[in-house]
Amino acid sequence: MTLWALIVRAQAADAHLDAITGVRTAPDAALEHPVEWQPEFEPTVVGALMGGVLASRGKWWGSLEGAAWGVLPELDGVLFSAGARGGAGLEAGDLRLEVAGRYDLQSYPFARPATSGRAEGFALTSLSLGAWVPELSLEAIDRRYPFEPDWSFTTAESAVGLAWRPERGWARVALGGQVNQGADDLGTQLRATAELGWGAARWDLFTRYRLMDARAGDPDDASRSRFTPLGDYSADADALSAGGFVQHRLELGGSAEAGEWLLRASALGRLRLTGAQGAYDRTLHAQLDLERELSERVSAVGTLGSSAVGLVGGKGFLDVYAWAGLSWRP
Amino acid sequence: VIVWLALAARADPGTELVRQRALVDQAASAVASARAEGHRRELGGLMAAYRVAAAELERMQQLAGYPAEDLALARREAVDSLRLAWAEGQRDDSAREVLVRWLGEPSPRQELLRQAVEMSRRAPDSIRRGILLDVLEQTDALAVLLASDTSLEEASADQLQLRASSLRRRGPGQTATMADEVEAVRATEQAAAALARAGALQAQRQQVLELRRQAVLALEEEG
């Protein structure tokens, strides 16, 4: 019996296997240094096979994910990824503790320096006082680039928050601090977050604003930006950065259902106030996913997205992508 | 049950009224199903059909000479209100509360109704019809209550699944934050639990409808 079958039998809550193909205008966006980026059109064919399974039993949950991304004609964007996640939710009266961890391996066989392993731990304690829920969270990330150790980093963040969760909708504010340890430098940030969410039977929408004040740290030299490329772990992008800037970050996310159709939309914009040449000035990432049920187990899926970047000094970058395929749920 | 047998002799609402209640229930069920499956184009026509059937039921109940201010009327209005809320995909907590106070927990009430149908076969002719009509009225109400609860559980599951969907990210090298991922996992689990509860409620409703069918058959055999 395969591991897959074992997990599915252990009360799988969700599982999928997707096969997609499409085009992307600049697949090297996640690999090249900002100073090397050229605003040229590089149409590329992409294909991917992605799978994942989520299972839970009692207070425990776990999931496995894997993906293979093929890119032609340039092979640098070929990516194999695998990840494992797990966690538990513990309750004592109105007190709740969520602990979770995950490890992701990304292998770029034709662009080895970009290969990395990423571990993350997370804990959230919350106290339910009716609709009001005070929270305390701790999070730590360690990302290692075995072929480029100088790119590796470790970051830790703690935050206190207060959520308001009436019968419908929710709101949350949080204040926190973060410490980032790069190869040669240490940076710190103060962070303030405000979130709003609302949902009904057929749609769900949330927005999240985050203000970051990076008080300490060395200027970004842009040779390997600590601002991780777009779409590639936004938390890393915000964590790893040089000091001496203020960043506004706005995120939108939502889903809607209409008959056999499911729509998911997300957008993430950043405005960084910094004077360092070659550093990120503003970024925008937007993605629209459509899913249509073809049968009980098979759905057609489609994605349209773009990532746009503007650097201090005027250079820019745009990556547009679209793909479609089939998703199978066992 | 014995007390019930003693109290069962009551005004006969007539076979037509019984059939009309079943028609209204079917119409509400059709609207709720279309709404749950997202067939918005069909909703207008189905809702219009439901309103016609509900209006006819109200007219027939008035012609039957039901008292205007009594507990039975309040219960019937609660059934109608909850059925309408179910068809419209809404909730009506006050109507639900009336039915819960009347019927109590669904499972014991269902067992009581099953015993009543059984005992009606051995009951004297003079009260058999009264028992069966009472069973019909209570199964109608119980079926609406269970349908409404099923619909609310399904709506809750839909909402939780959409919430999880909003938080997830898929793409090359993309992932949600750990906090979002944990919330998505919990929402997925809660949605699965809500769907399981909806399935159990739906199965119980089918059993109640089967009881109702048995009562209708017994009434028809009696002529």
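At 60% relative accessibility, R101(B) counts as exposed, and this residue of the predicted model forms a salt bridge with E97(B), in which the closest N and O atoms lie 3.7 Å apart. A search over all chains finds 37 salt bridges in the whole structure, and 6 of these pairings are counted between chain A and chain B.

**Salt bridges within the chains**

- E97(B), the partner of R101(B), counts as partly exposed at 41% relative accessibility; because the two residues are 4 apart in helix 5 of chain B, about one helical turn separates E97(B) from R101(B).
- R121(B) and E118(B) form another salt bridge, with 3.0 Å between the closest N and O atoms, and E118(B) counts as partly exposed at a relative accessibility of 32%.
- A network of salt bridges with shared partners joins E135(A), R172(A), E195(A), R208(A), R249(A) and E251(A) with D180(B).
- In chain A, R118(A) forms a salt bridge with E120(A) at a closest N to O distance of 2.8 Å, and both R118(A) and E120(A) are buried.

**The interface between chain A and chain B**

- About 3,600 Å² is buried between chain A and chain B, with 49% of this area on carbon and sulfur atoms, and the contact draws 55 residues from chain A and 34 residues from chain B.
- One salt bridge pairs R186(B) with E98(A), whose closest N and O atoms are 2.7 Å apart.

**Nonpolar cores in chain B**

- In soluble globular proteins, nonpolar side chains tend to be buried together.
- The largest nonpolar core has 30 residues, of which L99(B), V135(B), L136(B) and L142(B) touch the most other members.
- Helix 4 (71-87), helix 5 (93-103), helix 6 (106-120), helix 7 (125-167) and helix 8 (178-222) of chain B are the elements that each give two or more residues to this core, and helix 7 of chain B gives the most, with 12 residues.
- A second, separate core of 16 residues has A28(B), A32(B), W86(B) and A87(B) among its members.
- When neighbours within four places in sequence are left aside, L99(B) is in contact with R75(B), A78(B), V79(B), L82(B), G104(B), A141(B) and L145(B).

- Chain A has 2 helices and 16 strands, and 46% of its 330 residues count as buried.
- Among the contacts in chain A with a separation of 6 or more, 54% are between residues 24 or more positions apart.
- Y321(A), in strand 16 (residues 316-328) of chain A, has a relative accessible area of 4% and is therefore buried; its side chain is joined to that of Q287(A) by a polar contact of 2.7 Å.

Note on methods
Residues are numbered from 1 along each chain as its sequence is written. Chains are lettered from A and ligands numbered from 1 in the order in which they are written. This is a predicted model: local features need pLDDT of at least 70, side-chain atom pairs count only at pLDDT 80 or more; totals for chains, interfaces and linings use all residues. Side-chain values use heavy atoms; hydrogens and water are left out. A nonpolar core is a set of buried Ala, Val, Leu, Ile, Met, Phe, Trp, Tyr and Cys residues joined through side-chain atoms within 4.5 Å. Buried means under 20% relative accessible area, exposed over 50%, partly exposed in between (1.4 Å probe, protein chains only). Contact means heavy atoms within 4.5 Å. Buried area is the accessible area (1.4 Å probe) that two parts lose on being put together, summed over both. A salt bridge is a side-chain nitrogen of Lys or Arg within 4 Å of a carboxyl oxygen of Asp or Glu. A polar contact is a pair of N or O atoms within 3.5 Å; within protein, one must be able to donate a hydrogen and the other to accept it, and residues adjacent in sequence count only if both atoms are side-chain atoms.
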